[in-house]
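Here's a quick briefing to read with the model open beside you. Take a look first, then we'll go through it by topic.

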Amino acid sequence: MSGGIAELVAQLLAVRGKLDAAAVTALRARADAEVALARLTEVQRGSSDHRLRAAVTDAEVARDKAGRYARLLSDAAGHITAYVNTIAPGAAPAGTDNAASPSGDHLVEETEERSRKGEAFLRRHVKKSDDTEDTLKQAEQAITTGFRELQKGLKGSGSSGSTTSTAADPGTPIDRPQLEHPVASVIMAAGAVVVGFRGVWNMVKKHRERKRSDEQP
Amino acid sequence: MSVGEVKAALRAAIEAARQGQRVFDKAVSEAEAATGAANAVLRGSHHEHVTNTQQALAAAKAEVEPTRRRFNGTAEHAGDYLTRLG
């Protein structure tokens, strides 16, 4: 790679990292809208006030739009990855972009299985790793060094990853103690950032669908 | 739900909407900084991936104001209802 191309690639990768970080921040905003919506929906049972209805509609749209914003930023990051790989093949391997490694996807799936509180998890943990590129780099290092430990932790803490959702009683959140494990939580948060937007998005989306179906009378 | 519980839920909703608004604004400043850098680096290229990048960023930008309005609307409307409850 010539010096000019190398510099260009470095700049593009920096931009990509920033876009991914912004997408994760937008997802946090989306989670806030989801919280607001949940509270308003509680209140709305038994009221047909037009102000309340307007608040509910706004919260729904805010949630959807914040999600769309995050997705578009992530798409842009994905196109930058594609461009980098065009001008310097192999220069942008699966890392902070959409092209998550299979093991990364697997990690996210495991997290989904174990996290019925997906958004609370995001709010508590992704928050810590989304501020700067430096943090992102630290997160990358954390995931590299901590991935094995996490896998060990996940395997040791319950059912194997291949089980489909065991009909857990919603009243007894048996998953929570595992999530609260400090090492696992931090590494999973790093994983959420490193694996990239798609995994996080799926996690939030699945959680929402689950939550919606839970809330149906 | 008692009136007290309704009011508490409304206050929580308003706080979440305001927080969402702040966090969204942070996402927007991060994205704007990244977009500025992207435009500077990619200027002059008409490669398909570059065009796609720019289109996605433009589409994202178009969502900013409508999204802000909805976060604000959530808090405002919930606040109006809370006021009506006394």
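Why does the distance between the end C-alpha atoms of helix α2 of chain A agree with what it should span? At 1.5 Å a residue, the 38 residues of this helix (residues 50-87) should span 56 Å, and the end C-alpha atoms are 55 Å apart, so the two agree. (The expected span is 1.5 Å times one less than the number of residues.)

Keep in mind that this is a predicted model, where local features need pLDDT of at least 70, side-chain atom pairs count only at pLDDT 80 or more, and totals for chains, interfaces and linings use all residues. Residues are numbered from 1 along each chain as its sequence is written, chains are lettered from A and ligands numbered from 1 in written order, and side-chain values use heavy atoms, leaving out hydrogens and water.

**Chain A overall**
- Chain A has 8 helices and 0 strands (DSSP runs: H or I of at least four residues for helices, E of at least two for strands, numbered from the N terminus).
- Of the 217 residues in chain A, 46% are buried (under 20% relative accessible area, 1.4 Å probe, protein chains only).

**The start of α2(A)**
- Here a side-chain oxygen of A:D49 comes within 2.7 Å of the backbone nitrogen of A:R51.

**Helix α2 of chain B**
- This helix (residues 48-85) has 38 residues and reaches 56 Å from first C-alpha to last, close to the 56 Å expected.
- There's a kink of about 30 degrees at B:V64, shortly before the proline B:P66 (the angle between axes fitted to the seven residues ending there and the seven starting there).
- Just after α2(B), B:G86 takes a positive phi of about 85 degrees.

How values were computed:
Buried means under 20% relative accessible area, exposed over 50%, partly exposed in between (1.4 Å probe, protein chains only). A polar contact is a pair of N or O atoms within 3.5 Å; within protein, one must be able to donate a hydrogen and the other to accept it, and residues adjacent in sequence count only if both atoms are side-chain atoms.
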